[in-house]
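Let's walk through this protein together, from the whole fold down to single side chains. Please keep the sequence and the 3D view open as you read.

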Amino acid sequence: MPVAGQFLVHFPRAARQASRMFIGGSSRGNTPTWINRLLDFGIHRMTNRPTTEIIVDAPTIKEAAPHLFDQQEFWSTKPNPKATALDLLGYAVRDVAKQHPDSDILDRSLLNKIARFDNVLDGCYSAVVLDGLHSRAVRVHSVVTNRAHQWAEETPLPQTARIVGKLDLLWLSARVFGLILDNGRSVRGVVSDGDIAPLSALFKQRVAVSGTVYYRPSGTVQRIEATSIIRGDDESTLWSRVPEPASQSLDRIRAGANKSGWANMAGKWPGDETEEELLGSLHEFA
């Protein structure tokens with residue numbers, strides 16, 4: 001497929017993941033309707049000489065999702081309302097290029113999407129340049145894609161956990177919450193599904209959060225994806241901690257396994273799913 005075709009296929013997928021991570025803090029769960037509006041790109045102009053250049057018309061976040069700015073409280077990931085999905089993807093690529101493994105917007109799924117830009121380059125092009133209106137141009141080249149692939153492999157696998165702390169922040173429109181542990185440490189969380197409005201009654205209260213902990217490429221905790229948040233007035237401080245990442249990655253387990261069964265299938269899955277998405281599907285059958 002020509003490079004323009006490869007780009008037009010892959011770019012929306014990567015931009016979708018970056019937008020969900022930057023705004024909602026999660027690349028999983030049901031897709032909000034505003035994501036589809038944000039990705040309503042139109043090709044403005046395309047040229048092939050001396051380089052392939054594709055200029056797209058893209059809505060701003062304020063245009064696609066004005067409700068995200070209804071709440072005025074500070075939140076570190078609340079974006080520039082004039083930014084587009086191209087800008088948000090550029091921010092993620094820049095974190096990889098500048099070797100920022102503690103980034104709040106990089107998870108295994110998005111890293112895999114950035115790594116797959118090597119299919120766009122296809123050994124024939126030196127780089128893809130992402131140049132948004134509200135972000136500096138960033139180059140996606142082999143160093144970036146290779147690093148993204150390495151970080152995706154090294155990112156610890158998520159773990160289920162039950163964590164107690166004070167519900168300190170609620171961003172209802174983005175389904176985001178903040179939790180302060182007993183030691184004063186802050187942890188970001190997201191409610192992927194269900195109605196988040198009842199949590200307003202628990203604001204500033206001690207709560208018990210059940211869900212899955214996700215990690216950054218550096219191994220530090222990135223977020224909690226909550227399946228349940230209930231009152232936790234009488235919960236012990238022993239629960240007010242997040243689990244350390246497991247020492248073994250899935251790839252190391254595969255490498256040490258017997259070459260039969262699952263190990264024999266590793267690397268041969270025909271779809272575009274990430275390991276987290278596959279594991280989530282397997283849990284549904286458990």
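A word on the model comes before the tour. This is a predicted model, in which local features need pLDDT of at least 70 and side-chain atom pairs count only at pLDDT 80 or more, while totals for chains, interfaces and linings use all residues. Residues are numbered from 1 along each chain as its sequence is written, and side-chain values use heavy atoms, with hydrogens and water left out.

The protein contains 10 helices and nine strands; helices (H or I, at least four residues) and strands (E, at least two) are DSSP runs, numbered from the N terminus. Of its 286 residues, 45% are buried, where buried means under 20% relative accessible area, exposed over 50%, and partly exposed in between (1.4 Å probe, protein chains only). The accessible surface comes to about 14,700 Å², and carbon and sulfur atoms account for 52% of that; these areas come from the Shrake-Rupley method with a 1.4 Å probe, and for residues only the protein chains shown count as cover. If we take contacts between residues at least 6 apart in sequence, 65% of them join residues at least 24 apart, a contact being heavy atoms within 4.5 Å.

Now look inside. In soluble globular proteins, nonpolar side chains tend to be buried together. A nonpolar core here is a set of buried Ala, Val, Leu, Ile, Met, Phe, Trp, Tyr and Cys residues joined through side-chain atoms within 4.5 Å. The largest such core has 46 residues, and Leu68, Ile114 and Leu130 touch the most other members. Helix α1 (residues 3–24) gives this core its largest share, eight residues. A second, separate core of 21 residues includes Val191, Val221, Ile224 and Val242. Leaving aside residues up to four places away in sequence, the contacts of Leu130 include Phe7, Leu86, Leu89, Val93 and Val140.

Leu86, Leu89 and Val93 lead us to helix α4, where they are among the buried residues. How many residues of α4 are buried? The count is 11 of 13, so this helix is largely enclosed by the rest of the structure. The buried set also includes Asp87, Arg94 and Asp95. At 1.5 Å a residue, the 13 residues of α4 should span 18 Å, and the end C-alpha atoms are 18 Å apart, which agrees; the expected span is 1.5 Å times one less than the number of residues. Thr84 lies in the loop between α3 (61–64) and α4 (85–97). Thr84 is buried at 8% relative accessibility and touches Ala58, Pro59 and Thr60, not counting residues up to four places away in sequence. After α4 comes Gln99, with a positive phi near 55 degrees.

Finally, turn to the charged pairs. A salt bridge is a side-chain nitrogen of Lys or Arg within 4 Å of a carboxyl oxygen of Asp or Glu, and the count comes to seven. One of them joins Asp182 and Arg206 at 2.7 Å, N to O. Asp182 sits in the loop between β6 (176–180) and β7 (186–191) and Arg206 in strand β8 (residues 206–215), so the pair ties together parts that are 24 residues apart in sequence. Asp182 is partly exposed, at 38% relative accessibility.

Arg223 and Glu225 form another salt bridge (2.9 Å, N to O). Is this pair buried or exposed? Arg223 is buried at 0%, and Glu225 is buried at 7%. Together with Asp107, these two residues are linked in a network of salt bridges.
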